[in-house]
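Please keep the sequence and the coordinates in view while reading.

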Amino acid sequence: MTGTSFRLEDRPLRNAAPPNPGRRLDPRPGEVIDRSAPLSFTWNGRPAQGFEGDTIVSALAASGVRVFSRSLKYHRPRGLLTASFHDPGCLVQVDDEPNVRGAHRRVEAGMRVSAQNAWPSLRFDVKAANQLVGRFLGPGFYYKTFIAPERLWPAYESVLKRFAAGGRASAEPSHDSYDKRYAHVDVLVAGGGPAGMAAAVAAAAVGASVMLVEEEYELGGHLRWGGKRELDLLAEQRAAVDASPGIEVLTNSVVTARYDDNWMAVLQRSVFPGVRERLVKARATTVVVAAGLIERPYVFAGNDLPGVMLSTAARRLVNLWAVKPGTRAVVFSANAEGDAAAADLEDAGVEITRLVDARRGENIVRALAARHGAARRTGLSAVELGDGSIVECDLLVTAIGWTAPTSLLNMAGDRPVYDPTAARFRPGDGLPDSVFVTGGLLGDGTVDELVAHGSDVGRAAAARSDARSVRQDRSDRAAGADDDAGPARPAPLPVVPHPALFRSTTHGIVDYSEDVSSKDLIGAAHEGYESVELLKRFTTVTMGSAQGKLETVNAVAVLAEATGRTIGETGTTVWRPPYAPMSLGALAGRQFEPVRRSPMQGWHEAHGARPLVAGAWIRPDHYGDPEAEVRNVRTNVGIIDVTPLGKLDLRGPDVPLLLNLLYVNKWSKLAEGAVRYGVMCGDDGVVFDDGVTGHLGPDHYVMSTTSSGAEAVLNLVEHVLATDHPEWRIHVTPVVGDYASINVAGPDSRALLGRLAPELDLSPGAFAYMQVRSATIAGVTGCFTWRIGFTGELSYELHVPADRGLHVWEALLDTGRDLGCAPFGVEAQRIMRLEKGHLIVGQDSDGLTSAYAAGLDWLVKPDKTDFLGKPELAWVAERGGPTAQLVGLQPVDGTLVPPEGCQLVEGTTIVGRITSSRMSPTLGRSIGLGYVDRRLASAGTVVSVRLPDGTETPVTVMADLAHFDPEGRRLRA
Amino acid sequence: MKAAAGGAVAGALGVPFGAARDAGDGVLAVGSGPGEWLLLGPAGAGPALVERWRAEPDDGLVTVLDATAGRTVLRIDGPASTAALAKVCGVDLAAADGSAVRTSVARVPALVVRDGDGFLVVGERSYGEYLAGALLDAGAEFGLVRERST
C-alpha cells in the first residue's frame, strides 16, 4: 500500500524550520499565507507549525495530518472534505472553545488545538466499535431502544453521554465577549465573489451606501483559487472596492437571516481581540444575494474516508495555502471545475492516476481503506471504478455538481425550483422587488459574464433603493401607485447543462455531520417517512453542523429514488435562519443594565450604605444598623434620599379633571398650598399606584408616584391625554431627574428645617400637615417641600434642584449634628411605615387586590361621576365587598417574625397570608400586615400562621392597620 | 417647552419635531416632540431663557421649565462617532446635520441630535454615569476617550 502519507500522521510533528516541509508547495501566485511569519501551536498536545494566513486545518494538512475528528455516531475517522467553514469533519476544540470550524478559523500562535469526539484518542477511539454494529444503529435507534422502561433512562443516559458529540464547554466564565451593532444601508450584498463585488461597486458608483458581506477572510470567492485570468480580475475588483468609499466590507462575516422589510441579521466573527462574534442588525433598502454555489459531495461507499475530498477543497488547498493534498490522485469530474482541479493537482506535483469523466458515463463505485499498517482503516488507499478496475491512490477528488445556497431567497418568500438541466435548484419567481439575485446562484457564465451581470444587478438595486426611499419619505403616499416604480430586474443568467449525479451504485454517507447514510434514508422511506420534512426529523439528516449545505439535495435525491418521484416532486426542507450556525453569545450580545443614581448616591457609598437594587435605581438599604436608624428617627431626626419617587409636573387649567379621573378620591377642591394622598386603580379596580399630589400654584401641580410605578403612571397620563381627553388643556412633564428628594423625619425635623429655611414659617398653624410650600433651602432657590409622613413622624419632604441635592443633604447633616440628625435607608423606612400600617403597592397588594380589599374604603368615592376602576369597584361593593381584607397582625409570641408570604390557615384551609412582617424596634415586638378572610377580619380574632418548617403559631388580628400611633398625633404635631 | 404645534411659539422657534437649529446666542433649539422643544444654551442661561419664552404671546397653554438640573448631555465627536453610537442606538444615524430623534440609547430613553460631525445625546440625569459608561464601552474599539466639558 502507499505508505508514506499515512504514516506521516502518526509521527510526531517536527519542530524544524521552515515548518512543514512535507506537503508545503513552493509559493503559489494566489496563496494567502505569509511565509515570513511562521507560528507555532499545538495539536493534541504536540507541537505544530503553520504560517500567518493558514487555517488550523491547512497548517495541519501541510504537516501531513489527514484525520481531524471522529464522526458523530459511528466515530469513523474524518478528514478534509470542503476545506471551508462548512467542512463537517474539521470541528476542533481550541483552548476552551469547542466546535471551532478548523477549516475556517485562522491559526494563531500558541493555540491549543485538539480533536473532538475521540476517546481516549484520535487514533484509538474505542467508540469506533459503533461502526462494527452500525447496522443495528439505524435511524431512530436511540428513540426506539431506550424509550422503555422509562425508569432505566438515567442509567442509559449516563452511558450514552460518553458518546455525545461536540467539544468540551469550559466551566469557567469566558473572558471573551459578544457584541452588537446596528446598520442602515441602501444596498446589502450577501457574498463577496466576482458578481457580489461587481454589484457592490456598481451600486456605490451611483451613490448608494453599501454593505458587502463575505464569509471568508478575503473578498474574491472562487476567483481566489483560479488561474491567471481569475487572479488578475480579482486584483482589479478588489482595487475597485477599495476605491469606493460608499462600501463597507465585512469579511469573515455571514448574512444569517433575512426578515420582513429586509431586516438582515449579519454575523461578524473575530471582530477584534476579546470579541468573538458580533451581530449586526442591518436594515437594507435592497438586498443582492450573491451567495455563489457550494460543491456537492457524491454518495458512494467510503465517501467519507480521509483522502476523499471535493474539487474545490483540493483547489483551495493547492492555491490558497500551497498544500499538496496527496501524492497519487483519482479525479472524478463532471464539470470544468473538476478538470481545473486535476490541472492544479498536476501542477502541484500530484500524480493523476486516473481522470474519471462522468460526462462520458464513467463512474466510481467505492473508496477503499488501507487494510494494513499504521493507517489501517483511517485513510483511502484505492478506488474501485465503474468498469471494475481498482486504482491505488491516496486522494480521490470529486466534482459532480453544486448545491445552490438559496437560504436567503427562501427567507424572502421565494420557492426555488429544481432545474434538471442545471442539476441544481434555481431561484423561483417569488422574490419581493427589494431582493435581487446574481452570480452562480442565479445561473452560469464566464467570470466576465458574472461580473457584468453583477454590475447590472448592483445598479438596479441602487436605483430601486432610491425609488423606495423616495417613496417612504413622501408624505402624500399615493396608495400603491408606485409599487412598480424603479428599473426592471436584469434578465437572469443562462444555465449550462450539467449531468445529474447524486449516488453511485453503492451506499455512502449523505450527512457527514450526523452520520446518516443513503441506506438509512431508503430504510426510513420504506418505514413510511416519505415526506422530506418527516424524513429529516426521523433520521436527523441535514440537522448537523453543515445545516444542509452539503447534504440537502443528496438527501432529496435519495428519497426521490426510494419513492419513485422526481426531485421536483419530492421538494426540500425549509431553510430557516440562521443560515450558518452562530453562538448563543452572539444572540445575547452586549448586556445593557441601565443604572439610575441619585445625586447623593456617591455620598451614600462613601458612608457605608449597603446598596439596594430597586428597579433601575441603586439606593441605600441601610448604613449598618437599620433598627438604630428607626430609633433615631423616632427620637431625634433622620434624613432619607427618596429621589427615585416618581414626579410629574402638571400644568394647565384642566389638571383637576385629570386628577379626578386618575384617583379614586376627590380632587376638584384641592386648595393652592395643599397636598392630598391618592390611590389609582386600573379599569379592573385593582390598586395600581399611590402617592401624593400637591397644588403648588395657579394651574400648577406636582404628582408623586411610587418609584417603581413612575413610568407606568406617566404612560397612563399620556395615554389619557392623547386618546381619551385630547381636549383637556394639560401639559405633563416627568421631573424625576430634575429634583433630588429628601425626607426629613422625626420630632426635631421642624427645628432642623427651620435653621436651613429661615424665611419659611414652619409653625403648625402656618404650615400644617398635608401642605406644600415653595422654599429656599440652604440657600438653594427653586425648592418645594410638602409636609407628609410615610414614617408616621413629623416630616417634611424636600424637593431641591438635582444639581444642588448633595449640597442640601450635607447641609442638613452638618446643621443637624447637635440634634442627632443621621441618614436612614429604605429598610428603616419600611419598618416605620409598617409600624404605621401604611401599605406598599406591590408588596401589600398584588394583581388581584381591589381598592376595597386593601382597606381603602375610606378613600374610594363612588359618588364621583367617573374614575378609573369605578364600574368594577361598584360591582365589588354590590356583591358585598371583597372576600379578603388587609389587616394588621401581631404574632402572639412577639419574639417571632414569620417570614413574608406565610399562609394563614384554619386546619387544612388557607384563610390568608402575611404580606409584610418585621420586628418593631419601637414596640419591641413583631408586627405585620396581611390578608385574611373577611369573616376572620374582626379585631381580636386569632388565626394560625403556617411557618416554613411546617409548624403553626397564632397571630392576632388587630383593630387598626397601624401598630403605632394610630391616631396620628406624632405626624400632626 | 410645550406649546401648540402650530402656534406662535412654534412659529417663533421655527423648528419642527425631528429637527434642531441654531437659535442665536449660543442656543440650540431642538424639536423634541410634537409641540415640544428642548433649548440647549450655555451654562447659566436657563432662567433668562425661561423668562424669554414665558413672555411669548399666548398660544393657549405654554409651559416653560428649566430642565438644566434634570438632564445629562453627552457629546460624541469624531469621524467614528456614527459607528460607535450605532452600537447602542438602533436608528439610522446617517441623517443630515440638525436632525433630532427621540430614541433609546443603550436601553435608556434619550434624545439624539446630529450636530456637525458628532452627536448630542440628551438623557435623564440619573442615567448620566451609566450612559457615559455605555458610550465609552461602545467606543472603545474606535479609541473613544472622555473629555471634560467646557
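Helices (H or I, at least four residues) and strands (E, at least two) are DSSP runs, numbered from the N terminus. This is a predicted model, in which local features need pLDDT of at least 70 and side-chain atom pairs count only at pLDDT 80 or more, while totals for chains, interfaces and linings use all residues. Residues are numbered from 1 along each chain as its sequence is written, and chains are lettered from A and ligands numbered from 1 in the order in which they are written.

Chain A holds 23 helices and 46 strands. Of its 973 residues, 52% are buried; a residue is buried if 20 or more other C-beta atoms lie within 10 Å of its own, exposed if 12 or fewer, and partly exposed in between, with C-beta atoms placed from the backbone. Two residues are in contact if their C-beta atoms, placed in that way, lie within 7 Å. Among contacts in chain A between residues at least 6 apart in sequence, 68% join residues at least 24 apart.

Helix α17 (residues 626-635) of chain A has several buried residues, namely A:Pro626, A:Glu629, A:Val630, A:Asn632, A:Val633 and A:Arg634. Their packing partners in chain A are β29 (617-622), β30 (638-641), β36 (739-745), β40 (822-823) and α22 (826-836). The crossing of α17(A) and α22(A) is right-handed; the term applies if the near helix is turned clockwise from the far one by less than a right angle, and left-handed if anticlockwise. On the α17(A) side, A:Pro626, A:Glu629, A:Val630 and A:Val633 meet A:Glu827, A:Ala828, A:Ile831 and A:Met832 of α22(A). This contact has 6 nonpolar, no polar and 2 charged residues, where Ala, Val, Leu, Ile, Met, Phe, Trp, Tyr, Cys and Pro count as nonpolar, Asp, Glu, Lys and Arg as charged, and the others, Gly among them, as polar.

A:Pro194, A:Met197, A:Ala198, A:Ala200 and A:Val201 of α5(A) meet A:Leu233, A:Gln237, A:Ala240 and A:Val241 of α6(A). By class, 8 residues of this contact are nonpolar, 1 is polar and none is charged.

Between the chains, 25 residues of chain A are in contact with 25 residues of chain B. On the chain A side, β8 (177-190), β31 (646-651) and β35 (731-734) each give two or more residues, and β8(A) gives the most, with 5. That side divides into 10 nonpolar, 6 polar and 9 charged residues.

Chain B itself is assigned domain 1 (8-66) and domain 2 (69-142), with bounds that come from an automatic or database domain assignment. The C-alpha centres of these domains of chain B lie 21 Å apart. Here 10 residues of domain 1 are in contact with 9 residues of domain 2. β2(B) gives the most to the domain 1 side, with 4 residues.
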